[in-house]
Amino acid sequence: MKITPKVTQSFAWCICWIAGMTTIAFLIIIVGYVFVNGIGSISWEFLTTNPRGGLKGEGGILSAIAGTVYLIILTLIIALPMGIGAAIYLAEYSSNNLFTRIVRFGVESLAGIPSIVFGLFGFALFVIALGFNFSILSGSMTLACLCLPVIIRTCEEAIKTVPVTLREASLSLGATRWQTITNVVLPAAIPGIVTSIILTVGRVVEETACLYVTMGGSSNMPTSIWSNARTLSLHLYYLAMETTAINKALATGVILITIIIILNFSTRWLSNRFISLYQGNGGK
Amino acid sequence: MFTINRLKLILLPGISIFLLIVIGLTGCSQAAVPAGNGLIELRGTINEAGSTSVQPLAEMMAKAFMQKYPDVTVNISGGGSSAGVKAVAAGTVDIGAVSREILINEPDLITYCIARDGVAIVVHESNALTGINIENVAKIYAGEITNWKEVGGADERIVVISREEGSGTREVFDEFVIKPYHKKIKAGALFFDSNGAIRTKVSSEKNAIGYLSFGYIEGLKPLMLNNVAPTVENVQNGRYPIVRRLYFITKNIPSEPVRSFIDYCRSNEGQKIVESQGYIPIVKK
Amino acid sequence: MASIIVAGRKREFHRISDSFWQYAVYIFGASSFLILFLIALFIVREGYPAFVKIGIWQFISGTTWDVADNIYGILPMIIGTLYVTIGALIISVPLGIFTAIFLTDVAPIKLRSAMRPAIELLVGIPSVVYGLVGMLILVPIIQKFGQGSGDSILAASIVLAVMVLPTIVSITEDSILAVPRSYREGALSLGATRWQMIWHVLIPAARPGIIASIILGMGRAIGETMAMIMVIGNSIIIPDSIFSSARTLTGTLALELKYAAGLHWNALFATGVVLFVLILILNSIGLIMLHGRSK
């Protein structure tokens, strides 16, 4: 049989289908396995009691949920202002000079640094040198450094997308540049900023390595930012490695994946809304 | 729609309330307040870290202590004995837990013995072996014996499982098993960072051999060492060869509520918990 | 009269604050770079004594990492990381490129919009979940059908491949979509089949982007920690087969950081420096290729 280009194409199409299906298969296997084996262990008690420790991994995940929530809030409080500020700089005030290139280099490079190196840094600086000890504070300061590039990138996009006409209108009314930014541009960029918040939340939930060495992992309910605590990801790791409660580890996985699905869905929904807002009526 | 004024209205008070709560929670509180009837009311947070051998015991004792004194929070974490020493010396935690003696090159710390423990050599439940002599264990870990059939088991390659360097359990294992025969744990062993992880690995790998604290034996088969079974009695009567003391260590003389917690662990009530968890109570002189 | 004065004061306030913020923003902008600089400073400061005492070349090429005897060489970990990364790329690059082609040209449109969120989900799943599933499914399978205990380079490579796949797929997809329509139409009008057009025209045109995706994927693979600890066995040896257990650079950091002291502490930070420099170089190359491709 002669190998015509048509035959090659059919063959290639086959390979592409196999590739595509394999990728999906990976997702289905991972999510499926976790859900099928983990959902059985989820109960009201599981969600509302603290882990009791012990070899059997007794108890639930309440303090891990609380730890995760506190961590998210604190990280956002620390990182969001810095990130939005940097985004404002990049979108509004920067010009094509050396300083701007250094800034961009900083953002892009920081994005690629592995989380354990952040952990190294956070352990040496926040836990030991500054004396914050193993705490939510140490964890969130480390995490804020990690999440900064994400916030900056997304917010810069959001601010840049605000139509120039809005800015010009505000300036022509006599507002100063800063007034324009805070009263006109930022509010118009809110959907993008919210997207960056959601992305950060996703990152915080997902992170384990840098928190492993900065948060301590206590199973008690955290009471303040100085508390030793654990997050859902850390809890999963401890359950998997140190107890026999693999089913609970999987159940924690179910909760984690569900959170990620909700977050991803919200990001998509928000970006769509954002796009239609500006393409629909030319901006408000 | 999203006016800046509306945002300011929500954000500013929101953030200030949050900060107030945070500051309020972290605010100074006295650790021990004498109550009217002469009893001390304990309050505060105790942070403990270190040995994973001590961890299940410490968690149970912490729970009982917190039930007795509801205003005290005791945080127990792992990390390994050396991590405990380091954290205590650095002031990161109040109490460090170690499952070995303090080494010469470690800083001066105050030690409080809270229990005794044995280190068991464990294999998978299905392993044919019931006992082994210590020298063979050393040879297995050094890589000189590589097949189970050389010590009376099936014709299978031995999977050697060990703890990482910072582990007190490993230190004790080294001292009683490896060093007397002038050997070294081979670099090709699988290393894990807690008793629990070793437990999980040995229980899922039928050709594995590992060592861990008595408290973690459940589900595995502990081997008799030189014909002595790893039981609490054999530790108490001195026949079982690999024994150690479990310590809580502090940097300085502990203040309340740390002092009361340590006293509690060493009291009769605490020692009952020790026994119930499979450890050996400290010898009362 | 009074209102004019008040208005004037307000005006003054806004003018001053505007000037203030004009300069303050520079600080915010520099924050990322400052943090990067701080991290570099810290890890170099803590790691530098190890380089001095051990010697940079000895440190990188030393084959023994022995905490008890205070000997530190990271070659086994470098090789471990290398093998795992290469293994992951061998699996994920072909798979990723063909999946990207699938998404841009082969799949029916409805399937495309269903698959994209699915791939996004793969990115968001925490690494510990990957490690857990690897521990529970992959390791026993390798134990049964392969050699050794299952904790191996093979297990780690497969897990890493799945984690890196979405990066390669999405960047490759973007690169292919960025190729100008004229290329497509030109090729087709010359009588090429669709596959010939894709393989001989689009892919070569998208090559810089594809290479960038591989390099960025490499960066992600080298930096992965938790999933690795759970499936790779952590033996400090130079692995001799894909079934052999090994240790990664990141794994050493996570496992030993909490209790390290003295030279050990310095050696860990020196390892961090090596990682940091490696990733910085990789990412810079990747980004230059990504932004440098013809628009």
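What follows is a conversation in questions and answers about this structure.

Modeller: This is a predicted model, in which local features need pLDDT of at least 70 and side-chain atom pairs count only at pLDDT 80 or more, while totals for chains, interfaces and linings use all residues. Residues are numbered from 1 along each chain as its sequence is written, and chains are lettered from A and ligands numbered from 1 in the order in which they are written.

Colleague: How are helix α6 and helix α8 of chain C directed, roughly parallel or roughly antiparallel?

Modeller: Helices here are DSSP runs of H or I with at least four residues, and strands are runs of E with at least two, numbered from the N terminus. Axes are lines fitted to C-alpha atoms, for helices over the stretch in contact, and angles run from 0 to 180 degrees between N-to-C directions; for α6 (residues 153-178) and α8 (residues 194-223) of chain C the angle is about 150°, with the axes 8 Å apart. Angles under 35 degrees count as roughly parallel, over 145 as roughly antiparallel, 65 to 115 as roughly perpendicular and the rest as oblique. α6(C) is therefore, relative to α8(C), roughly antiparallel.

Colleague: How many nonpolar residues are in the contact of α6(C) with α8(C)?

Modeller: Two residues are in contact if their C-beta atoms, placed from the backbone, lie within 7 Å, and those that meet here include Leu160(C) of α6(C) and Leu202(C) of α8(C). Ala, Val, Leu, Ile, Met, Phe, Trp, Tyr, Cys and Pro count as nonpolar, Asp, Glu, Lys and Arg as charged, and the others, Gly among them, as polar. By these classes the contact of α6(C) with α8(C) has two charged residues, six polar ones and, as the nonpolar count, 13.

Colleague: Is Arg207(C) exposed, partly exposed or buried?

Modeller: Arg207(C) lies in helix α8 of chain C. A residue is buried if 20 or more other C-beta atoms lie within 10 Å of its own, exposed if 12 or fewer, and partly exposed in between, with C-beta atoms placed from the backbone. Because Arg207(C) has 13 other C-beta atoms within 10 Å, Arg207(C) is partly exposed.

Colleague: How are α3(A) and α1(C) oriented to each other?

Modeller: The axes of helix α3 (residues 62-93) of chain A and helix α1 (residues 2-54) of chain C come within 7 Å and cross at roughly 110°. Among the residues that meet are Tyr89(A) in α3(A) and Phe28(C) in α1(C). The two helices α3(A) and α1(C) are therefore roughly perpendicular.

Colleague: Which helix gives the most to the side of chain A that touches chain C?

Modeller: The contact takes 74 residues from chain A and 69 residues from chain C. The side of chain A that touches chain C has 51 nonpolar, 18 polar and five charged residues. With 19 residues, the helix that gives the most to that side is α1 (residues 5-38) of chain A.
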